[in-house]
Amino acid sequence: MGISACYHACADYCIGHHADFGGPHFVEMTIGFNMAIKGVAVFREWISSLSANTIRRSYPQFASALDAPAPRNEDEKIIKEMIQRAIDSVHDTSKRLFRIFSVASWTCVLWGILALYCEFRHCSNLLLLLVWPVYVCIVWAIAKRRCKKVSEQLTAWNVVRSVTQTTEQISESIAKDISEFKKTAPIPTAPPNPPKKRN
Amino acid sequence: MNTSTTCKTESELYENLVRAMIKTGDDKPVSNGKPEHAAIIYKLFFEFAVSKVLIFCKELNSSVFGDDRILMMAEKALERGVTIRVITQGLQPQPSNFTKWLLEKAKSGSCVSVKTCKVGSPYASLPMNFALMDEKAYRYEANNDHVKAVACMNNPRITTELANFFDTINTAVAA
């Protein structure tokens, strides 16, 4: 949005006031830049909430671990780490993509200025319209994919941790199984050693 | 606990988690309800065993022991001097590369033994199956008709109890 505003400020200047390189348009451009910076921060928040909400929706049992300000036990710590790693990885990718798309976007702006003189500015407008939605879609797809991966991890974690019995209960159950069997089965004795053959 | 985020399948992730539990000495119980999970646990037992791996099972089910990674790790374990003792419950072991290797090694008198309970003996009809690694980790299946077990990578108390029971069965089979 910010970049777009910035572009429009620039485009307004180029289209409407190319003869008048006036100060107010620089103010517009500065506002545009600030909005762009703010927009990135908002977008980062959106990625975080998208990632966290996807996991929260898919795995309500992990919501408490995700929402707890500090992990309460080793399991929560691991789950939190897994989710955080996924969110961080989406952030990193979106940052890298943002740089690429910024270059693409500014190229469009420059092209727009150049196009003024070639009467093809409508093409640059169209490109700029396409660039940022494509960026958002790509980041959204990456976030979804990353969430799917972390979901798979959490599924595996769930499988590992799906034992409902405590160690004590398991221990008791095994001891009971063995003792019950021993009650019914004969107690085995080792075979006597065979007498040694005399030469 | 470090778990790789680049893994693709659920089985790989399961293996990573169980491996991490062995490394960190995690004493929480681990669930395993699929033949692949059982194969992973057997593989990890052979991978991390220091002194012995004991297996009491129905017939060395090929859906579990057919995984050649178990064989690979068992070979390495044997090279390290790990004792491998297997008792099956009266039935002929199911054919797999692992079974073939195991029987060959048992014949050649190395640290491998394979015994079979006599048909009709009480041990042949025992519903439980289990496997142990050293005096530390166990996998316990309360009912061998279902591949649903509980395991723990660090519980010396239960493992010792099951090891004693294994010795009891071993003595009975030898008698």
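Which residue is the bridge partner of Ser31(B) in β7(B)? It is Val150(B). Hold on to that pair; we will come back to its strands.

First, the ground rules. This is a predicted model, where local features need pLDDT of at least 70, side-chain atom pairs count only at pLDDT 80 or more, and totals for chains, interfaces and linings use all residues. Residues are numbered from 1 along each chain as its sequence is written, while chains are lettered from A and ligands numbered from 1 in the order in which they are written.

Let's start with chain A. Chain A has six helices and zero strands. Helices (H or I, at least four residues) and strands (E, at least two) are DSSP runs, numbered from the N terminus. Buried residues make up 19% of the 199 residues in chain A. Buried means that 20 or more other C-beta atoms lie within 10 Å of the residue's own; exposed means 12 or fewer, partly exposed is in between, and C-beta atoms are placed from the backbone.

Now the sheet in chain B. Seven strands form an open sheet, in the order β1-β7-β6-β5-β2-β3-β4. The pairing is mixed. At the edges sit β1 (29–32) and β4 (112–116) of chain B, each pairing on one side only. Two strands pair if DSSP finds at least two bridges between them. In general, strands of a sheet pair through backbone hydrogen bonds, either parallel or antiparallel.

Back to our opening pair. β1(B) and β7(B) (residues 149–152) run antiparallel, joined by four bridges.

Next, β2(B), residues 52–57. Five of its six residues are buried. On one hand, β2(B) pairs with β3(B) (residues 83–88) in the parallel sense over six bridges. There, Phe56(B) stands opposite Ile87(B). On the other hand, β2(B) pairs with β5(B) (residues 129–133) in the antiparallel sense over four bridges. There, Leu54(B) has Leu132(B) as its bridge partner.

One loop residue deserves a stop. Gln89(B) is in the loop between β3 and α5 (97–107) of chain B. Is Gln89(B) buried or exposed? It has 22 C-beta neighbours inside 10 Å, so it counts as buried. Leaving aside neighbours within four places in sequence, Gln89(B) is in contact with Lys58(B), Cys117(B), Tyr123(B), Ala124(B) and Leu126(B). Contact means that two C-beta atoms, placed from the backbone, lie within 7 Å.

Finally, how the chains meet. 28 residues of chain A are in contact with 30 residues of chain B. Which element of chain A gives the most to that side? α6(A) does, with nine residues. By class, this side of chain A has 16 nonpolar, eight polar and four charged residues. Ala, Val, Leu, Ile, Met, Phe, Trp, Tyr, Cys and Pro count as nonpolar, Asp, Glu, Lys and Arg as charged, and the others, Gly among them, as polar.

Look at one helix pair there. α6(A) (residues 167–184) and α6(B) (residues 156–174) pack at an angle of about 15°, with their axes 10 Å apart. Axes are lines fitted to C-alpha atoms, for helices over the stretch in contact, and angles run from 0 to 180 degrees between N-to-C directions. The two helices are therefore roughly parallel to each other. The contact includes Ser171(A) and Ile174(A) of α6(A), and Arg157(B) and Phe165(B) of α6(B). Angles under 35 degrees count as roughly parallel, over 145 as roughly antiparallel, 65 to 115 as roughly perpendicular and the rest as oblique.
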